[in-house]
Amino acid sequence: MQERSQAAEYPYLTGLNTEQLAAVETMDGPLLVLAGAGTGKTRVLTTRLAHILNTGRAYPSQILAVTFTNKAAQEMKERVSGLLGGMPVDGWALGTFHALCAKMLRRHADRVGLSSNFTILDPDDQVRLLKQIMEVEGVDTKKWVPKVMMGVIERWKDRALTPDKIGMDEVGEMADRKLGKLYEIYQRRLREINACDFGDLLLHMITILRDPTDRSVLEEYHHRFRYIMVDEYQDTNVAQYLWLRLLAQGSNNICCVGDDDQSIYGWRGAEVGNILKFEQDFNGAKVIRLEQNYRSTNNILKAAHGVIANNEGRLGKELWSDSGDGEKIIVRGLWDGEAEARWVGEEVEQLQRKGFSLDSVAVLVRTGFQTREFEERFIKLGVPYKVIGGARFYERLEIRDALAYLRVTMQKADDLALERIINTPKRAIGPATIAALYEHGRKYQFCLHDAILDLTQTDELRPKVKGTLMKLMDDFGRWRSLIDNMHHAELAALILEESGYMRMWQEDKTPEAPGRIENLKELISGMQEYESLQNFLEHVALVLENQDSGLGEFVSIMTLHGAKGLEFDAVFLPGWEEGLFPSQRSMDENGLKGLEEERRLAYVGITRAKKRAFLTFVGSRRIYGNWVNSIPSRFIDELPKVQVEVQTEMGLAGAGRSSHWDSSGLMPRVQKRQVQMRVAKAPSEYSAGKVINADGVVIERGMRVFHNKFGYGKIIHIDGHKLDIAFDKAGKKRVLDSFIKPADQI
Ligand code: ATP
Ligand code: MG
């Protein structure tokens with residue numbers, strides 16, 4: 001009752017239920033709030049922060065608060081400030097693990113051999129550095145792909161394993177031990193260049209805080225941080241956990257909130273075990289469970305529970321809500337992806353008519369490529385949307401690259417597009433060559449494409465570069481000739497294969513690569529809805545022009561991973577089909593563990609909804625030009641029947657359809673035709689045997705000339721501004737008139 005009287009004194013406490021209030025007011029000692037989605041964990045954390053400040057138990061600078069994203073940190077700041085009537089709450093340590101550690105490490109960098117202005121390497125640089133080291137060490141980088149090796153090192157860092165621990169903690173295979181050595185050199189090199197990677201931010205701080213010979217840093221933080229608070233604790237990795245535990249040893253006032261059912265970052269090293277053994281790790285820990293959900297209707301909660309109940313090894317908790325049953329969850333089966341997007345579009349408009357704000361509507365996809373169809377639909381309907389946490393489909397790097405190939409095929413004078421992909425995949429065409437090509441184009445008023453055609457008829461370029469460029473031009477010529485003879489989606493697939501662009505991503509071992517390949521395949525699938533290549537490219541140009549309106553309401557489109565911690569009145573969950581969700585890749589890589597993480601993702605998805613949840617699956621999807629039949633996700637079967645209304649346009653077994661170019665293989669067979677290249681005419685003035693070059697010098701057959709690269713020689717033939725010259729030393733070469741000077745002028 002004393003608690004209730006407190007509540008009267010502090011208005012922000014009034015709305016809390018008994019358990020929440022207990023959590024807010026338990027300020028001393030370790031506290032874990034372990035509770036399901038929407039039970040107010042984040043709200044408890046925020047209120048507790050405000051309460052600590054308001055009761056003068058600590059200054060803002062004495063509180064360490066960890067959130068999962070920078071955005072969440074910002075929101076928490078605003079909410080606390082709001083609870084305290086707008087009081088500014090600056091100077092506290094609030095942010096993500098990385099942001100907080102980076103700040104700390106700058107202060108103590110010298111203790112790990114860095115200076116405080118150290119650079120934080122981005123992932124590309126990381127891999128580049130490792131690759132250099134591997135080459136020096138004579139490791140075969142074809143067999144041991146640096147990106148993959150980097151991944152192993154990162155996972156070691158997630159587990160706080162410094163190089164000296166590898167081989168000791170790891171019952172190391174030979175490969176591990178070798179990599180352990182590389183890891184050691186990599187760390188040394190980082191120090192030498194005064195840099196660290198993301199994993200080091202934590203790792204170095206742990207090293208510093210653990211230093212047995214000098215405890216001053218640890219003591220300083222013990223003295224400073226009176227309270228430590230952590231949101232989304234279920235997704236912390238070992239290194240993060242160790243860092244927290246070291247810091248918490250001082251005040252022992254650590255409060256973590258989380259939900260074991262929402263651990264969805266195992267693939268990035270998160271250990272759900274951290275939350276399960278909190279009581280053991282922090283002596284005298286109090287655990288508070290919250291069971292009332294304030295977010296969703298009972299139908300939504302029961303549906304989510306029905307799914308997650310299929311996971312083993314959970315703590316198990318059931319939620320209730322006093323906001324009534326609400327409407328049933330709609331499960332809708334549709335013919336295909338286009339129908340799915342159309343239906344979602346209609347429902348969104350329907351919700352709008354019922355008074356839902358677009359800001360409170362979200363489409364949560366499992367995988368990035370799924371956004372395309374919804375984006376297209378929303379654009380068509382004029383429904384404003386934003387892709388949160390990622391680029392819009394046509395703005396993604398790999399899509400822009402693929403579009404560049406198509407644009408050059410369609411329109412050879414598209415210099416920007418050609419420049420974009422001329423060296424992608426890598427063709428050893430560097431900036432100097434590109435500059436030379438442009439320079440040549442400027443001189444003769446050629447587009448980049450024609451400048452290449454022209455210049456490759458000479459020996460001005462290094463033979464390797466020349467060969468590569470000629471091959472590329474040949475390819476474009478052939479592709480161009482196919483425009484009228486081949487279905488444009490098929491052609492696009494062919495271009496992506498033949499150019500090596502698709503292979504580039506297939507050989508890329510970064511975690512993003514599979515998503516990029518999916519996006520490319522989705523691009524091909526999507527093209528089939530258009531009449532021609534031209535038609536499609538026009539459509540894309542219009543879509544890209546359709547910028548965010550900036551102000552006003554919009555529907556959020558994002559991945560399930562990105563939606564953690566958020567809530568919306570209405571949530572659309574598309575693509576609940578086996579292989580897509582649960583994701584085949586995740587199951588292939590991690591078996592049952594992978595499947596269970598997928599199921600937690602389903603739980604996260606459903607529990608984002610306050611009032612309405614719409615799940616959809618389709619009978620067939622067009623994947624890279626082929627119709628592929630799909631089976632409804634097992635998670636749909638796991639939904640309790642009572643809370644769900646199934647609507648389907650077809651039998652649940654799914655119905656296949658075939659398209660006019662359905663083929664069994666990935667790549668449609670194509671009649672390859674060699675194409676005669678048309679060579680552009682040079683604009684310079686000439687008559688047989690005589691030419692005036694760009695510098696105004698008259699050049700004649702038989703003339704003795706000097707060329708910077710090939711030296712002295714005699715002109716034996718003139719073809720436009722291209723000259724065949726018999727060089728004294730280099731032999732017969734074809735060069736450009738602008739590169740030579742009459743010998744008597746040297
Ligand atoms: P998640 O697991 O998804 O992160 P959570 O447990 O952090 O969820 P919150 O986001 O804190 O839950 O709360 C969910 C919703 O319930 C929010 O809109 C919050 O304002 C509201 N809420 C929480 N507690 C109460 C309460 N005591 N009274 C009214 N509304 C509440
Ligand atoms: Mg939360």
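1. Thr42 makes a polar contact with ligand 1 in this predicted model: a side-chain N or O atom of Thr42 lies 2.8 Å from an oxygen atom of the ligand. A polar contact is a pair of N or O atoms within 3.5 Å. Arg608 also places a polar side-chain atom 2.8 Å from a ligand oxygen, and a polar backbone atom of Gly40 is 3.1 Å from an oxygen of ligand 1. The protein buries 85% of the 630 Å² that ligand 1 exposes when taken alone (Shrake-Rupley method, 1.4 Å probe).

2. The shell around ligand 1 comprises 3 nonpolar, 9 polar and 5 charged residues, Gly being counted as polar. A residue is near the ligand if one of its heavy atoms lies within 4 Å. Helix H3 (residues 41-54) gives the most to this shell, with 3 residues; a helix is a DSSP run (H or I) of at least four residues.

3. Ligand 1 lies between domain 1 (2-102 + 205-292) and domain 3 (306-384 + 554-674), because both give residues to its shell. The domain bounds come from an automatic or database assignment.

4. Residues are numbered from 1 along each chain as its sequence is written, while chains are lettered from A and ligands numbered from 1 in the order in which they are written. Local features need pLDDT of at least 70, side-chain atom pairs count only at pLDDT 80 or more, and totals for chains, interfaces and linings use all residues, with side-chain values based on heavy atoms and with hydrogens and water left out.

Definitions and conventions
Polar contact = N/O pair within 3.5 Å; in protein donor to acceptor, adjacent residues only side chain to side chain. Helix = DSSP H or I, 4+ residues; strand = E, 2+ residues; numbered from the N terminus.
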